[in-house]
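Subject: A structure for you to explore

Hi there,

Here is the structure I promised to pass on. Please open it beside this email and follow along as you read.

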Amino acid sequence: MFVWDDHCGFELLPDAPLRPLLQPWLDANVSYLSINAYYDPVPWTRAVENIAALRRRLPIEVPETQIVSSVSEIDDAYANRKMAVTFDIEGMNALNGRLDLVQFYYDLGVRHMLLAYNRNNLAGSGCHDEDVGLTDYGRQVVDEMNRVGMVIDCSHSGFRTTMEAMERSSDPVIFSHSNPKALADHERNITDEQIRACAETGGVIGINGVNLFLGEKEASPAGVARHAAYIADLTGQENVGISLDYSPDLEKEPDAIENTFVLDLFDSHPEYWPDDAGYDGSIMCLHVRDLANVANDLRKVGFDQEGVAGVMGGNFRRVAERVWK
Ligand SMILES: [Zn+2]
């Protein structure tokens, strides 16, 4: 089956060995993966360093992957049994206030970018901050992303900011990894109004595999299917995809993730993860190997065969075909 995971957000550092990070997705035969290269709490130059590291070292350290720039290259990679890879950026701090960097990142393989990551930035508001809406600068970035062919991603962003970005964009807009608030009441999750607005752009909402956002004690394939079914009932099965967020295996890889760095970041920027929002040791994510079970559970909650293929990959692929240039 063609499987598209639209976001894995490991704490990437430029010197991290790449094989342990990617192995869970390779083992699970994922066809396409968007690797997170940056998020707003860290200096913007980290985006450049991470993308440079990925572009140079992925072909050497993980030759089963192929960095792609088009949907036809994804199809070629699939035919050659390689995992297609592009990059995503979580938050527009990565632009350092410069529109020019949208094209720059696109040319280096970034195919979707969040407006904000939990907190406000120059472009708009995060979901854990006061929502002041999309700024003038944010509108310019949306226009530039439309021009360049980079997909606008509303995950982690404030309600009003996302509604204004979806209104503004001439292309389909996604929530790469966000779940329905109706099923799990968390500020990272999204309302029915946001889901409908996303569907109206022709976009897709990727179901997040983290237990906190699924509203489960332990993240389960059935939980992912339940959230997918909710969106399908609200808008249509063509508006649902998968983005697990990360893999539990990574927590066992001290070499891959420098835990001290992550803890420093929690200490120096606690505002990104508010105390009362449940970001604690109980967080866990569905393992990517469970995606086969997700496909089975999608059938159980009413998706037909075509619907399952859409959720597992076809729907995000359709958005890429529409937007990427
Ligand atoms: Zn995220």
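Helices (H or I, at least four residues) and strands (E, at least two) are DSSP runs, numbered from the N terminus. By that rule, the protein chain has 12 helices and eight strands. This is a predicted model, where local features need pLDDT of at least 70 and side-chain atom pairs count only at pLDDT 80 or more, while totals for chains, interfaces and linings use all residues. Residue numbers start from 1 along each chain as its sequence is written.

First, the overall shape. Along the principal axes, the C-alpha atoms fill a box of roughly 45 × 45 × 40 Å.

Next, burial. A residue is buried if 20 or more other C-beta atoms lie within 10 Å of its own, exposed if 12 or fewer, and partly exposed in between, with C-beta atoms placed from the backbone. Of the 325 residues, 52% count as buried. P43, in the loop between β2 and α2, is exposed because it has 12 other C-beta atoms within 10 Å.

Now find helix α2, residues 45-61. Its 17 residues reach 23 Å from first C-alpha to last, close to the expected 24 Å (1.5 Å times one less than the number of residues). The helix α2 bends by about 30° at R55, and the proline P59 follows within four residues; the bend is the angle between axes fitted to the seven residues ending there and the seven starting there. Buried residues in α2 are A47, N50, I51, L54 and L58. An α-helix has 3.6 residues a turn, so residues three or four places apart point the same way.

Which way do the residues of strand β7 point? I205 and I207 point one way, G206 and N208 the other, and all are buried. β7 pairs with β8 (residues 240-243) in the parallel sense over four bridges, where pairing needs at least two DSSP bridges. G206 stands opposite G241 in β8.

Finally, look at A228. Leaving aside neighbours within four places in sequence, A228 is in contact (C-beta atoms, placed from the backbone, within 7 Å) with I207, V240, L298 and V311.

Enjoy exploring!

Key: Two residues are in contact if their C-beta atoms, placed from the backbone, lie within 7 Å.
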